[in-house]
Amino acid sequence: MSWPAQFLGDLVDIKGGGTPSKTVPEYWGGTIPWASVKDFKGGILERTEDYITELAVSGSSTNVIPAGSIIVPTRMALGKVAINSVDMAINQDLKALQIKDGSKLLVRYLLRFLESKAQFLEEQGKGATVKGITLDVLKGLEIPLPPLPEQKRIAAILDKADAIRQKRRQAIQLADDFLRGVFLDMFGDPATNPKGWPVYKMSEVIDFKGGSQPPKETFEYEEKEGYVRLVQIRDFRTDKFKTYIPLHLARRRFEVDDVMIGRYGPPVFQILRGLSGSYNVALMKAVPKGGVTKDFVYRLLQLPTYQDAVISNSERTAGQSGVNLDLLNSLDVPLPPVDVQISMSQKNRKTEGFIRKLRLQLEDAEQLFSSLSQSAFSGNL
């Protein structure tokens, strides 16, 4: 079925944001949520890490966006989209879309349409280090406009499919939280070291090996003989952007059980696992030294003790946060004997298997949502 289409720029007003000066203490710690790309954790924006004051709003280029608007990043995190459930201010990397005429377009239909354009928006990103898109890219999107009852039906179907995805993600998070609890019960919090394990510097326990970046002209986008997968941070959450490089350019290799770290963000310092191939400069491999297991490293680096320290001290270049490797290497690590580490792995085996099954179910749910989304906006749902 074919529906009339209009450019998004004709259907919405677009409002930008800004960052109040960090040198003015009176601007920060107020009651107004202030959103940036690091706050995008799902389809709903309901809370932020930072809060500002009324004085900050009047003294800067930020804007307070009314609840129920569509919020879209135009720098970093391209392809993400959310609805704010409360009034909030936004920074300069975000844009708010406000529908001009509610008799033509529903908010949740627009949300689901923009989600279907995630790959396109990512591909439009320009910039050597931090990718961004122009407002013209957003304004130029053509959105099909079925009657409102049909928009409501499509949004409801995609909402149900999305709910399945969210339940799988929540189950994985709960299982991960359980394993974190097992770690702390066996080894204690590294911040206090209640078990009295001998303490080493992180650099004495783990060797962090950075990735390499082959020339883009050598990339292939289908698997072929003599090539290996080049893995980027985004590949740990989606297979949509598979890239392959010649074997002789795969200078940094890793296996499925290796512990990988996202060097740049947001979010910075992601601890990743489950793929194999060659890895690019946005990743580094955490290689355990003698008397240390990979499982121990994987669980250790996810603890708040290290996450909080690294994230709060991440370096910023052109708006992009990155792991401060000197700081990471200097952190203290209480180290239990290797046989105790192995005992943890054995205890975790059943739960780890359960998580693997959940991840497969999540992949199926993601594929279902993507298939329904593509059908919906081509008039075939």
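1. Asp-257 is partly exposed, at 37% relative accessible area. (Buried here means under 20% relative accessible area, exposed means over 50%, and partly exposed lies in between, with a 1.4 Å probe and protein chains only.) This is a predicted model, in which local features need pLDDT of at least 70 and side-chain atom pairs count only at pLDDT 80 or more, while totals for chains, interfaces and linings use all residues. Residues are numbered from 1 along each chain as its sequence is written, and side-chain values use heavy atoms, with hydrogens and water left out.

2. What does Asp-257 pair with? Its salt-bridge partner is Lys-294, with the closest N and O atoms 3.2 Å apart. Distant parts of the chain are linked this way: Lys-294 sits in helix α8 (residues 294-300), and Asp-257 sits in the loop between β16 (253-254) and β17, 37 residues apart. Lys-294 is also partly exposed, at 28% relative accessibility. Helices (DSSP H or I, at least four residues) and strands (E, at least two) are runs numbered from the N terminus. A salt bridge needs a side-chain nitrogen of Lys or Arg within 4 Å of a carboxyl oxygen of Asp or Glu.

3. The side chains of Arg-299 and Glu-352 form a salt bridge, 3.1 Å from N to O. Arg-299 is in helix α8 and Glu-352 in helix α11, so this pair ties together parts 53 residues apart in sequence. Is Arg-299 buried or exposed? Arg-299 is buried, with a relative accessible area of 5%.

4. The whole structure holds 25 salt bridges. One of them joins Asp-332 to Lys-201, with the closest N and O atoms 2.8 Å apart. Asp-332 belongs to strand β24 (residues 332-334) and Lys-201 to strand β12 (residues 199-201), so the pair ties together parts 131 residues apart in sequence. Asp-332 is partly exposed at 41% relative accessibility. Lys-201 is partly exposed too, at 37%.

5. There is also a network of salt bridges. It links Arg-108, Arg-112, Glu-115, Asp-159, Asp-162, Arg-165, Arg-169 and Glu-366. Side chains of opposite charge can pair when their charged atoms come close.

6. Look next at helix α11 (residues 338-376). Helix α11 has 39 residues and reaches 53 Å from its first C-alpha to its last, close to the 57 Å expected at 1.5 Å a residue. (The expected span is 1.5 Å times one less than the number of residues.) Helix α11 bends by about 50 degrees at Arg-349. The bend is the angle between axes fitted to the seven residues ending there and the seven starting there. Gln-367 lies in helix α11 and counts as exposed at 54% relative accessibility. Gln-367 and Arg-165 are 202 residues apart in sequence but 9.8 Å apart in space, C-alpha to C-alpha.

7. Now the five-stranded sheet. This open sheet runs β2-β10-β7-β8-β4, with mixed pairing. Strands count as paired if DSSP finds at least two bridges between them, and contact means heavy atoms within 4.5 Å.

8. Strand β7 (residues 70-73) pairs antiparallel with β8 (residues 82-84) over two bridges. Ile-70 stands opposite Ile-83 in β8, and the bridge partner of Ile-71 is Ala-82. With β10, β7 pairs antiparallel over four bridges. There, Pro-73 stands opposite Leu-94. Both faces of β7 are covered: Ile-70 and Val-72 on one side, and Ile-71 and Pro-73 on the other, are all buried.

9. A four-stranded open sheet has the order β13-β21-β17-β19, with antiparallel pairing. Strands β13 (206-210) and β19 (271-272) stand at its edges with a single partner strand each, so one side of each has no neighbour in the sheet. Strand β17 (residues 259-262) and β19 run antiparallel and are joined by two bridges. Which residue of β19 stands opposite Ile-261? Ile-271 does.
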